[in-house]
Amino acid sequence: MNVTLGHHTRHYRTVWFEAKTNRVHLIEQRLLPHRFEIVATRDFRETARAIRDMIVRGAPAIAATAAYGLAQGVLAFRGSNLDRFTAHAESVYQTIKSARPTAVDPVNAMNQVRAVMAGGETVGEQQALALAAAEQFANESVEHCRAIGRHGAALIRRGLNVLTHCNAGWLACVDLGTATAPIYTAQAQGRKFHVFCDETRPRCQGSTLTAWELAQQGVPHHVIADNAAGHLMQRGEIDLVIVGSDRVLGRTGEVANKIGTYTKAVLAHRHGIPFYVAIPLSTIDWTLKRGFDIPIEEREEAEVLGAWGVVRGSRFKVQGSKLGQRVFVQVGNPTSGARNPGFDVTPPELITGIITPAGILKPKELWPRRRELGW
Ligand code: MRU
């Protein structure tokens with residue numbers, strides 16, 4: 001998507017690879033919306049750390065990062081012994097896989113790269129194939145988002161108020177986004193509508209990332225506290241919900257996504273508001289049989305008890321800090337513990353449709369159409 005900084009507008013992907021230096025380039029998402037910076041990871045361990053520490057986040061974005069990270073790791077191998085190369089590739093794969101547990105996209109992406117690599121007979125051939133497969137994954141991911149936009153745009157009629165949760169925008173993907181693809185496509189088709197971004201505590205991906213993206217693209221929007229959605233639904237101020245996902249079970253249609261998604265789905269159901277989930281094919285897990293078995297990331301309690309932000313005007317200025325400085329402030333009682341599950345699972349009966357690159361499907365239609373969807 002285009003980023004405008006001062007008077008300059010430039011197109012950026014969220015993640016890209018520079019073969020000459022063997023570096024993965026990423027937008028440093030922890031600094032947004034206050035600073036726009038690019039970081040480049042020098043080896044696969046740094047790439048895995050960038051995923052773990054959420055420099056890059058969002059299921060399809062960490063998938064492309066994982067695919068490039070695997071290519072980066074295998075390209076750094078020196079020598080021609082295929083057995084040693086294969087053991088090295090396995091350790092790169094496991095290191096990146098363990099960075100974050102809930103999203104299935106990085107695993108699917110790396111499996112795709114590994115399957116292509118296996119066609120090479122020498123170390124050099126496998127290295128070249130790994131890089132080509134990582135690029136192909138990233139390009140396909142963009143095409144999937146484009147198709148999601150085409151299928152989903154018709155849902156966004158003129159004058160609607162759309163609610164989205166967390167950030168399933170272009171920052172969470174390679175480009176365009178999943179939940180935001182229908183929004184950007186409807187905007188390009190000339191329709192006027194309005195978006196509510198859930199703040200998405202504790203890390204605030206909605207108020208920081210989605211709001212920044214929508215502001216950059218000129219989409220009218222407001223940030224709301226996570227607790228406000230029920231009230232707005234009750235008053236008829238929300239017409240449609242679109243969210244992304246980190247893992248959709250192909251067998252059951254259950255959807256794992258950012259904590260709070262399930263709550264919004266229950267509320268939408270109660271108020272008869274359509275609730276859609278937008279996903280590329282890399283988000284489908286065809287093997288797990290029950291949503292209960294999806295590994296749910298438990299994050300540190302400090303995220304719940306405090307918040308990151310930048311120092312603004314004097315009324316709220318933190319003593320000893322400079323204006324514009326990024327600081328962490330303790331909000332909650334310092335002697336209390338906190339629980340911080342990062343994701344939840346929404347059952348299929350609360351989901352109106354899943355917007356896929358192959359069209360909008362009922363959650364229970366995924367399994368019968370698995371061949372067409374890439375299983
Ligand atoms: O913890 P995050 O920021 O990686 O969580 C991101 C989400 O939950 C997104 O909604 C999901 O990855 C879908 S992104 C298209």
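Reader: Where is the place of Thr346?
Author: Thr346 belongs to strand S16, residues 343-346, where strands (E, at least two residues) and helices (H or I, at least four) are DSSP runs numbered from the N terminus. This is a predicted model, in which local features need pLDDT of at least 70 and side-chain atom pairs count only at pLDDT 80 or more, while totals for chains, interfaces and linings use all residues. Residues are numbered from 1 along each chain as its sequence is written, and side-chain values use heavy atoms, with hydrogens and water left out.

Reader: Is Thr346 buried or exposed, and what does Thr346 touch?
Author: Thr346 has a relative accessible area of 1% and is therefore buried, given that buried means under 20%, exposed over 50% and partly exposed in between, with a 1.4 Å probe and protein chains only. Not counting residues up to four places away in sequence, Thr346 touches Gly253, Glu254, Val255, Thr261, Tyr262, Ala265 and Ile351, contact meaning heavy atoms within 4.5 Å.

Reader: Changing topic, how do the axes of H3 and H4 cross?
Author: The axes of helix H3 (residues 82-97) and helix H4 (residues 105-117) come within 10 Å and cross at roughly 165°; axes here are lines fitted to C-alpha atoms, for helices over the stretch in contact, and angles run from 0 to 180 degrees between N-to-C directions. H3 is therefore roughly antiparallel to H4, since angles under 35 degrees count as roughly parallel, over 145 as roughly antiparallel, 65 to 115 as roughly perpendicular and the rest as oblique.

Reader: And which residues of H3 and H4 make the contact?
Author: On the H3 side they are Phe85, Ala89, Glu90, Tyr93, Ile96 and Lys97, and on the H4 side Val107, Met110, Asn111, Arg114 and Met117. The charged end of Arg114 also sits over the ring of Tyr93, 3.6 Å from its centre, a description that requires NZ of Lys or CZ of Arg within 6 Å of the ring centre and within 35 degrees of the ring normal.

Reader: What about H4 and H5, at what angle do the axes cross?
Author: The axes of H4 and helix H5 (residues 123-152) come within 8 Å and cross at roughly 140°, so H4 is oblique to H5. Among the residues making this contact are Val113, Val116 and Met117 of H4, together with Leu129, Ala133 and Phe137 of H5.

Reader: How many aromatic pairs does the structure hold?
Author: The structure holds nine aromatic pairs, counted where rings of Phe, Tyr and Trp (its six-membered ring) have centres within 6.5 Å, with planes under 30 degrees apart taken as stacked, over 60 as edge-to-face and the rest as tilted. One of them joins Trp286 and Trp367, whose ring centres are 6.1 Å apart with planes at 45°, so this pair is tilted. Trp286 lies in the loop between strand S13 (284-285) and helix H10 (302-305), and Trp367 in the segment after strand S18 (359-361), 81 residues apart.

Reader: How accessible are Trp286 and Trp367?
Author: Trp286 is buried at 6% relative accessible area, whereas Trp367 is partly exposed at 25%.

Reader: What kind of pair do Trp308 and Phe328 form?
Author: Trp308 and Phe328 form an edge-to-face pair, 5.3 Å centre to centre with 65° between the planes. Trp308 lies in strand S14 (residues 306-310) and Phe328 in strand S15 (residues 326-330), so the pair ties together parts 20 residues apart in sequence.
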